[in-house]
Amino acid sequence: MAELSFIVGLVGNIISILVFTSPIATFRRVVKKKSTENFKGIPYITTLLSTSLWTFYGLLKPGGLLVVTVNGVGSVLQAIYVILFLIYAPKDTRVKLAKIVAILNIGCFGGVILVTLLVIHGSVRLVVIGVMCAVLTVGMYASPMAAMRRIVKTKSVEYMPFSLSFFLFLNGGVWSAYSLLVKDFFIGVPNAIGFVLGSAQLLLYMVYRSSKSVDTMKDEKVEEEGSAHLIGHVEMHKYDDGDDDDDKVKSERQLSKGSSLPKGGSVSRQHSLQKIVKARSFTPSELRSIRVDTDG
């Protein structure tokens with residue numbers, strides 16, 4: 001049984017470390033864009049406090065080596081995430097989160113250690129720390145609830161990484177099994193709750209993974225309307241230009257037609273002029289003969 005619990009605990013260590021490393025992709029994006037965007041910092045702060053207390057719990061518990069190793073690694077990683085979040089968060093958010101870090105991760109954690117070591121003694125010490133760890137672990141698993149609400153509202157899984165949800169689901173299941181083997185209900189209860197919440201997150205991801213967010217659909221609609229307006233504007237100018245060209249062609253044709261044909265007034269004037277010239281060139285005898293011929 002001890003060997004089986006060690007193997008399960010070792011698997012739990014591997015999965016938990018994968019859970020702790022899953023936000024690396026998120027923080028690469030944060031560092032690249034130099035902005036935390038719509039990501040929340042509270043989950044990392046609460047997880048840092050949780051892993052710190054679990055490390056302390058493992059040190060107090062006999063045979064708690066596997067608890068110490070996994071949560072020690074988790075504490076280091078979560079501290080890095082919190083520092084990065086504070087660096088790239090907006091100023092107002094940074095100030096608020098810095099206060100929360102000072103209260104929870106420094107003041108609260110330091111106070112728990114001092115009170116536990118100086119005031120509480122014996123097995124009660126382990127019970128007190130165990131209850132606190134269990135409550136914080138439930139909070140860690142429940143912290144993505146804000147992201148789940150956002151998913152339902154925006155119909156987008158952009159701000160809930162699949163890898164984190166998947167490994168939280170596995171982590172809760174494995175540590176629940178480990179708790180049954182070592183009969184540690186402080187580990188078992190919160191991880192069983194985490195298993196259920198992880199299942200709910202995966203279900204939401206499957207439902208909304210192919211859906212576009214409300215903001216994205218609004219942007220696409222605006223782009224489509226703008227494109228349609230632009231196309232209509234271009235087409236209108238196109239038709240206007242075509243009408244202008246037709247008018248120009250008609251005018252040119254009329255001008256060319258008019259210039260190629262002699263005008264009636266000019267023809268009559270030419271005939272009159274010819275008659276006058278011809279009449280003036282006749283002699284009086286010729287004119288009389290013309291009249292006689294005409295009368296005859």
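Which residues in H1 meet which residues in H8? Here are some notes on that and a few other spots; bear in mind that this is a predicted model.

1. On the H1 side, the residues that meet H8 are Leu4, Ser5, Val8, Gly9, Val11, Gly12, Asn13, Ile15, Ser16, Leu18 and Val19. Their partners in H8 are Leu164, Phe167, Leu168, Leu170, Asn171, Val174, Trp175, Ala177, Tyr178, Leu181 and Val182. Sorted by class, the H1 contact with H8 comes out at 16 nonpolar, six polar and no charged residues.

2. Now the geometry of that pair. Helix H1 covers residues 2–21 and helix H8 covers residues 162–182; their axes lie 9 Å apart, and the packing angle is about 160°. That angle is over 145 degrees, so H1 is roughly antiparallel to H8. The crossing of H1 past H8 is left-handed.

3. Have a look at Phe85 too, which sits in helix H4 (residues 65–88). Phe85 counts as buried because its relative accessibility is 4%, and the cut-off for buried is under 20%. If you skip neighbours within four places in sequence, Phe85 is in contact with Phe27, Thr36, Phe39, Lys40, Gly41 and Leu97.

4. Staying with Phe85, check Tyr44 as well: the two are 41 residues apart in sequence, with 8.9 Å between them in space, C-alpha to C-alpha.

5. Last, the cysteines. As for disulfides, the structure has zero.

How values were computed:
Residues are numbered from 1 along each chain as its sequence is written. This is a predicted model: local features need pLDDT of at least 70, side-chain atom pairs count only at pLDDT 80 or more; totals for chains, interfaces and linings use all residues. Side-chain values use heavy atoms; hydrogens and water are left out. Axes are lines fitted to C-alpha atoms, for helices over the stretch in contact, and angles run from 0 to 180 degrees between N-to-C directions. Helices (H or I, at least four residues) and strands (E, at least two) are DSSP runs, numbered from the N terminus. Angles under 35 degrees count as roughly parallel, over 145 as roughly antiparallel, 65 to 115 as roughly perpendicular and the rest as oblique. A crossing is left-handed if the near helix is turned anticlockwise from the far one by less than a right angle, and right-handed if clockwise. Contact means heavy atoms within 4.5 Å. Ala, Val, Leu, Ile, Met, Phe, Trp, Tyr, Cys and Pro count as nonpolar, Asp, Glu, Lys and Arg as charged, and the others, Gly among them, as polar. Buried means under 20% relative accessible area, exposed over 50%, partly exposed in between (1.4 Å probe, protein chains only). A disulfide is a pair of cysteine sulfur atoms within 2.5 Å.
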